[in-house]
Amino acid sequence: MSDGKKPLNNKSVEELLSLLSMGVELNEAQKKQMKDHKFWKTQPVPDYDEQIVKEGPIDQHKTPADIPNDPYPLLGDFEWYDVNLDDDVELDELYQLLYENYVEDEDATFRFKYSREFFKWALKPPGWRKEWHVGVRVKTSGRLVAFIAGTPCTLKLTKSNSTIKSVEINFLNIHKKLRSKRLAPVLIKEVTRRINKQDIWQALYTGGQVLPSPVSTCRYTHRPINWSKLHDVGFSHLPENSTKAKMVAHYTLPNATNTAGFREMSGKDLDQVFDLLTKFQERYELIQVFTKDEMNHWLLGGESVGDSGKSNVIKTFVVENQDGKITDFFSYYLLPFTVLNNPDHNELGIAYLYYYASDSVWDSNNGEDESIYKKRLNSLMQDVLITSKQFDVDVFNCLTSQDNPYFIKPCKFGNGDGFLNFYLFNYKTFPIHGGIDPKTKEVTVKKGGIGTVLL
């Protein structure tokens with residue numbers, strides 16, 4: 001990531017946008033370069049320097065009848081294909097495409113290690129549509145070379161009380177050898193066309209690149225669970241004036257959780273957790289509104305768990321008091337890394353913080369004094385970290401969204417190099433705090449306004 005201190009010469013559009021997000025003033029030539037962003041300037045998104053004065057849709061008054069029935073044309077060597085997630089062969093093809101070509105660190109040391117169960121959990125929530133799993137194949141070989149996915153969701157901007165029927169766009173991926181073919185804009189336009197045909201006109205998406213124009217920016221943070229292994233694979237480095245033994249001791253966790261009534265969530269808890277999260281989420285500015293079926297899917301795995309009865313991807317824990325009331329819950333999902341070119345380790349266990357809620361937030365002065373809540377949150381997060389050890393987690397990740405800044409430093413999370421930008425397609429909204437200082441990018445003591453979590 002740029003630190004904003006390098007000279008502003010010969011910068012790519014993405015780098016310029018990154019500088020803008022840090023408050024760096026651009027000259028006129030650089031501003032012109034921004035305005036020449038060929039694809040995004042044709043899309044219904046706010047301009048990079050636009051001052052939002054009113055929230056609402058950008059491109060309005062269209063109906064599905066206004067949208068073409070035929071897909072966008074592809075170059076002659078390629079054809080559209082709806083990936084069938086119920087077919088294990090096609091799931092494996094998707095895995096191979098993402099494994100070889102999706103997000104990879106700069107040193108090509110780590111790659112995401114997806115599973116069939118993960119894809120079914122991530123891409124088949126209630127209301128999913130096969131035609132929103134958009135693939136591109138080579139006509140002659142049938143090889144899958146590009147993919148983009150949309151999943152249904154209902155968003156809410158709580159300050160304006162605006163509910164938005166929407167989709168989440170994810171897993172945009174193109175084979176490395178085809179990046180010059182400009183397939184990405186066509187993929188985005190095609191999945192948009194298919195979604196518009198269902199009378200849905202907004203979308204939520206995220207990315208590490210800064211595009212026109214982020215609603216919010218959050219920072220990744222990492223909490224080592226197995227520091228020694230992280231050091232062995234090059235994920236964590238030994239600080240000056242320290243030793244390996246000191247670092248291991250610093251991150252060592254107890255073997256047992258401390259909170260009374262802390263246990264894994266089951267189906268019988270769904271009604272109470274639904275009510276708790278629904279009320280709790282209203283404290284944030286941008287949230288996802290769940291049905292009970294959706295919550296069952298996202299917190300318990302839904303139909304993606306198969307015959308086992310328990311998800312291998314999503315882990316959710318509740319706290320039940322002596323009266324049988326669910327007072328708190330926490331969840332996280334597992335998505336390991338494959339470690340490349342390391343003789344001792346071939347996989348890193350990675351956990352990502354997901355949704356949580358605690359009724360302790362309303363305990364003091366109607367929520368005005370959050371000291372009780374902050375203490376409770378830190379204690380629960382400590383227990384969550386402890387549970388991750390049983391699933392061979394080596395590092396626990398979380399963003400600076402939700403109330404995460406309240407426990408990031410006390411629970412020994414460290415700043416990562418990565419940032420995640422949140423975008424709304426075809427909708428203008430006022431900027432939302434991402435839990436970091438807009439200029440320094442350091443974690444603040446102020447909670448984030450982003451309450452929704454994208455995979």
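In the predicted model, Tyr 406 has a relative accessible area of 12% and is therefore classed as buried, the limit for that class being under 20%. Its partner in an aromatic pair is Tyr 373, and because the planes of the two rings stand at 80°, with 6.2 Å between the centres, the arrangement is edge-to-face. Tyr 373 is likewise counted as buried, at 1% relative accessibility. The pair joins distant parts of the chain, since Tyr 373 belongs to helix α10 (residues 371–388), whereas Tyr 406 is found in the loop between β16 (395–399) and β17 (414–425), 33 residues apart.

In total, 31 aromatic pairs are present in the structure. One of these is formed by Phe 118 and Tyr 333, whose rings are tilted, with an angle of 50° between the planes and a distance of 6.1 Å from centre to centre. Phe 118 is part of helix α4 (residues 116–123) and Tyr 333 is part of strand β12 (residues 326–334), so that this pair ties together parts of the chain lying 215 residues apart in sequence. Phe 118, with a relative accessibility of 2%, counts as buried, and Tyr 333, with a relative accessible area of 5%, is buried as well.

Technical notes:
Residues numbered from 1 in each chain as written. Predicted model: local features only at pLDDT ≥ 70, side-chain atom pairs only at ≥ 80, totals over all residues. Heavy atoms only, no water. Phe/Tyr/Trp six-rings, centres within 6.5 Å; stacked < 30°, edge-to-face > 60°. Helix = DSSP H or I, 4+ residues; strand = E, 2+ residues; numbered from the N terminus. Buried < 20%, exposed > 50% of the residue type's maximum accessible area, 1.4 Å probe, protein only.
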